[in-house]
Structure formats: C-alpha cells, structure tokens
Amino acid sequence: MDLVVPHKQFRSYEHFHQESYNSGSSFNLVRVYNMPSKSHLFVLSNEIRVISFRKPNGIWSRKHLGNCIFAVSKHETSTGSNGNLQYSKRFPKGYLNGVESLPNGVNTSLNFEEFEIHHLHMLIRNGELEEGFKFLKHMTKKGNIPDVTACTALIREFCKMGRTKNATQVMEILEESGTVIDVTNYNVLIGGYCRSGEIEEALLVLDRMSIAPDVVTYDTILRSLCDRRNLKQAMKVLNRQLQSKCYPDVVTYTVLIDAACKECGVGRAMELLNEMRRKGCKPDVVTYNVLIKGLCNVGRLDEAIRFIKKLPSYGCQPDVISHNIILCSLCSVGRWMDAMKLLANMFRKGCSPSVVTFNILINFLCQKGLLGKAVNILEMMSKHGFTPNIRSYNPLIQGFCNEKSIDRAIEYLEIMVSRGCYPNIVTYNILLTALCKNGKVDDAIEILNQLSSNGCSPVLVTYNTVIDGLLKVGKTERAVELFEEMCRKGLKPDIFTYNIIIDGLLKVGKTKRAVELLDEMCSKGIKPDIITYTSVVGGLSREGKVHEAIKIFHYLERLGIRPNAFTYNSIMMGLCKARQTSRAIDFLAYMVAKGCTPTEATYTILVKGITDEGLAEEALGLLNELYSRGLVKKSLVKKVAFMM
C-alpha cells in the first residue's frame, strides 16, 4: 500500500516537511502538519513519482487545499536542497513558474519555502488580504523570514482599504523578523496613514523608522499637513528634514509656499521662497505660479503683474499658466482692456495661449453680456489654430439664453456640432432651463426625450428643471409622470424635487398625494426644509384642512424645523376661515412665544377674521390700536374702514 493516511484527515492547507527518511527502505517517511492542528504520518513508496488528489471541478482555493495530497519520489527526496521537501500539485494555469524537467522526465518544482511565498503573493493579488495576513503570521511562527516584496504589497493593499492598523501589524512583523527593510516599505505605510487622515500615526511611524527617511517620506507628510492647513507642524517636520541632511527639493518647497499663501499670507510665502534660494534649491515656474496666484487671490493684482515681468531676471520664463492666472484676475475685476493687452503681449513674446486662455475671456464677456465680443474671441481661436471646446461654447449658449435669444443659442449649438464639438448635459440643461422659463415646456420635453438617443443621459438637475417647468404651466399630471419615470430610471429625488412636486400638487388641491410624498421623503431620510413646511401647511389650510395642517405643523416642529411668519399666517388664515378666530388669536400668542415676529399680514388676517364673525367695531378698534403702536400702516386702517 503506497499511502497510509485516510484522505478525510486532510482538511486545510497542509505544511509538508521531511521528518526523516530511510535510504535503505523502499518507503520515505514524511510528517504532514495540518496547519494549525496536529501532525499525521504517511508513507511513500520509492516508485511513486507524484500523487495528486484534487477537487473534481479543478477550482483551487485555500479552503480546498486540504483535498490535495502530495507524494515525492526518491529522486526528489535525495536531491532536494537544504532538506526541504520537493512537491508537485495541480495548480491553476500560470500559478507556478519555475517548474523544471529532470532528464528522466520527472518534474520538480519550487522548494516549500518558495511555494509559501508564491502562495502569499497569490492571496494578495486575489484580494484575499485577511487570508494572506493569517498565512503571513503562520509563516513567521515557523521561523520563516517574511518576503519583503509580498509584505509591502500587503501593506499597500491594506492602506488602500483604509485598514492602516493591519498594515502596521504587517510592518511590525517585518521589523521583528530582522529582515532588511527598505525605505519604500515605510513610505507606503506613511502614505496610507496620510491618505486616511491619520497624520499623527504617520508621524509616529516616522519617529520609529529603523532607516533614514528620504525626500519622498518627508514630502508625503508635508503635503498631508499642508492639505490640512497645519503649516506650523509642517515647518517643524521641514526643520527635522534639514537637520537630518535630507535636503528638500523644489516640490517640497512649492507645497510649503502654496500652504503659506493660503494659511499665513503671501509675506510668509515670500520668506520661504528666499529660504529656498539660500538653501541652493532653484524655484521653477510652478513655484512662481503659486506665488502669482497667491498675490492675485488677496487682490494684489498689480504686484502680481510686476512679479511676472521680473521672472526672466530670476532665470525663469513665465508660461501660459502664469499668464492665465493674471488674465483670470483681470477679468474678475472687470479690467477687460488690460486682459486684451495681456493676450497681445503673450503673442508678442512667443508665449502661445491655450484654449483655457481664450475660454477665460469668453466666459468673462458672456457674464458681462458682451456676447458680440465673446463671439469675436471664439472666431479668433480658430484663426490662431485653436479648436474651441465645450467650455468655449457653453458660456455663449448660456449668454444667449440669458438674453432670451433662444434661437441664437440653438444656432450656436448647431455651429458647435458642425465643428465636431458635441454638447454635454450642461449644454442641454442650459437650453432646458431657458425653454422652461419661457413656458416652452413641450419643446423641453422633446429635447429631454432625445437625450438618451444622443448619448447624453439626463441627470437629476435635468429632470428637476423640466418637472418645475411643467408645474409652472399647470401640467401637474405630466410632471408627476416624469417624476415617476425619473425614479424608475434609478435617479434619486432630492429635497428640491420633492418640494416642487409637493407644492405643485397642493396648488391643484391634491393634498392626499402631497402628504404621501412628504411621508415618502421622510422615510427615505430626506429632511423637509422650511419650503416644504410652508407649502404643506399653506396648501392644507387653503383646502380647509386646518386641523391636519396643525398636525403637520407640530410634526415638522419636532423634526427641528423652525416655522416662519408665513407658516404661522397660513395656519391663522385657515382657522379664521373656519370661524375659529379665538384659536387664531391663541396661535398668535404661540407665535410670539416662539420668537417669531408677526407681520402686517398676520394682523390683517386676524382683523378680517374678527370682522367676518360680525365684530366689525372690535376689529376696527384693534386695527387703530395696532396702528398707534406702529404695527400696521395707515393705508390698511383706511382700507378696512372703507370696507365696513
């Protein structure tokens, strides 16, 4: 009998190790370690080359490894390196490399330690990080030195998932093993902590590094600190870097200068620029652009213009981005002529503008309503060999729509398409908004229906625009249909969607459906706002459902929404219509107690309610009293007196 071990004993990954063998016997004795449980024995015949049992479907995973049994021949056991058991098994295609063929045709493969490393890599590549971590710990418990490459990959993958504690545990295994660790390993871990916002943990890793950090190490930490507006701590790290004689490069200083501009002002940034030069680190155009932008952001535009002119004397030529920063600032303060001079100056100096340069000018001119000049810039682009893009045309189309020149907007849409630039959803939203504002909702619906066929899927804003347009022209049923269509397509309504639909339904008296939508939005975790509040309470009150309106009023109060005067007025109007003026007066007292100041409309509602109950003289007396206190205008007193 060749094999003396029941197959069922093999339940998980077995660690095979040659325990002993008798060269004079026809059997080799091998101990099988069933990780992590007891060991078992099996006996191999000298004549056996390879015995392999595997799952019928051929699928291999860690939980199936126990179904495979390996045996080796005397050729392999007698020649295996370092006493390690040579093994062979059926792997998925490409799983093992390095299989060689002996002269007698018998295949050998990797030694067992190499197999374990290969298996660890495979687990990591397959995303089985938990299994890989357990397997790594198992390897180290046996005394194996962990593979640095595999451990680095595991650290990186844990960091990508935000599992920085697991990544640190892997690093600790590496450190405790005594293996040679590269600075890259630490950089990966520090990068993971920085990306997850755990900057203090990253600094702790920096403190305990067993080797000297490099520029990448410091850059990663400094960038993270600067992104979090912690320049003070970043400067401490920079000083530490300088003391360790790991000199920062231009990227490091540029990041710090940018942070200084945003956090401390341009003065501190200029100090860093001077320090950078003293340390022998030459600023590049990116560094200078950061400073130019910093000057522009604080309104020091003329100083920025002087600064850009001095750049050649610093050994640096300004690029198109330098000019675009200045150009954008000139446009933002309305200095159109200076912007055009700057553009001419760029051409004269041989600094070719970009599409962005022209788009800055077009956008500015369209915002100012100077559409003729914007069209001239658009044509200038083509003359200078630049192809306008969607950001060139959209401001023009928006500008024509603002001027209610929808025909011109559509004309430029057609020009854009004829030149090979196709509209995006922003373009269509501009047109749909203009059409709906002008009451042309049928045209808007037609465009909406064509969007998907044009390869441009509508977004939530698209539907909200058209639904709102339909409601404003009284096409409530069609608006509700479009709302339901939007939901079927997987778009989730937002507070704006619910508000316009609820308001539209209430205006046509469909209070039941409106309240159902209010319940729906609350159940979906969308908190109603004051607009929802006012629409629902006002709509119910108008329909004579004032008691239901009061219930909704108090329900929304419990949600933490504070009603305004219009909301209170709606309730009081509903009570007065129901001849419950005394309750309306109580509600006025509640309104004042809650800190909401009554308006003239509030008092007008109450006076009318008192009058309608046949108390005209009392109402007029109240009105005169309110007038004497400056709470209502004299014109209102005269108007009520005349009506009486």
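At 0% relative accessibility, F358 counts as buried, where buried means under 20% relative accessible area, exposed over 50% and partly exposed in between (1.4 Å probe, protein chains only). That residue is a handy way into this predicted model, in which local features need pLDDT of at least 70, side-chain atom pairs count only at pLDDT 80 or more, and totals for chains, interfaces and linings use all residues. Residues are numbered from 1 along each chain as its sequence is written, and side-chain values use heavy atoms, with hydrogens and water left out. The chain has 32 helices and 5 strands; these are DSSP runs numbered from the N terminus, with helices (H or I) of at least four residues and strands (E) of at least two.

**The chain as a whole**

- Buried residues account for 48% of the chain's 644 residues.
- Of the contacts between residues at least 6 apart in sequence, 56% join residues at least 24 apart, a contact being heavy atoms within 4.5 Å.

**Aromatic pairs**

- The whole structure holds 14 aromatic pairs; rings of Phe, Tyr and Trp (its six-membered ring) pair if their centres lie within 6.5 Å, and planes under 30 degrees apart count as stacked, over 60 as edge-to-face and the rest as tilted.
- The pair of F358 and F386 is tilted, because the ring centres are 5.4 Å apart and the planes stand at 55 degrees.
- This pair links distant parts of the chain, 28 residues apart: F358 sits in helix 16 (residues 355-367), and F386 in the loop between helix 17 (371-383) and helix 18 (390-402).
- F386 is buried too, with a relative accessible area of 16%.
- F553 and Y568 make an edge-to-face pair, 5.3 Å centre to centre with 65 degrees between the planes.
- Here F553 belongs to helix 27 (residues 546-558) and Y568 to helix 28 (residues 565-577), 15 residues apart.

**A charge over a ring**

- R277 lies over the face of Y314, 4.7 Å from the ring centre; the criterion is NZ of Lys or CZ of Arg within 6 Å of the ring centre and within 35 degrees of the ring normal.

**Helix 12**

- Helix 12 (residues 285-297) has 13 residues and reaches 18 Å from its first C-alpha to its last, close to the 18 Å expected at 1.5 Å a residue; the expected span is 1.5 Å times one less than the number of residues.
- Since 10 of its 13 residues are buried, helix 12 is largely enclosed by the rest of the structure.
- Among those buried residues are Y288, N289, L291 and C296.
- Their cover includes helix 10 (250-263), helix 11 (266-278), helix 13 (301-310) and helix 14 (320-332).
- D284 caps the N-terminal end of helix 12, with a side-chain oxygen 3.1 Å from the backbone nitrogen of V286.
- Just after helix 12, G299 takes a positive phi of about 80 degrees.

**Ser224 and the cysteines**

- S224 is found in helix 8 (residues 215-227) and is buried, with a relative accessible area of 5%.
- The side chain of S224 makes a polar contact with the side chain of R228 at 2.9 Å; a polar contact is a pair of N or O atoms within 3.5 Å, where within protein one must be able to donate a hydrogen and the other to accept it, and residues adjacent in sequence count only if both atoms are side-chain atoms.
- Leaving aside residues up to four places away in sequence, S224 touches C194 and I199.
- A search of the whole structure finds 0 disulfides, a disulfide being a pair of cysteine sulfur atoms within 2.5 Å.
- C281 counts as buried at 11% relative accessibility, as does C401 at 8%.
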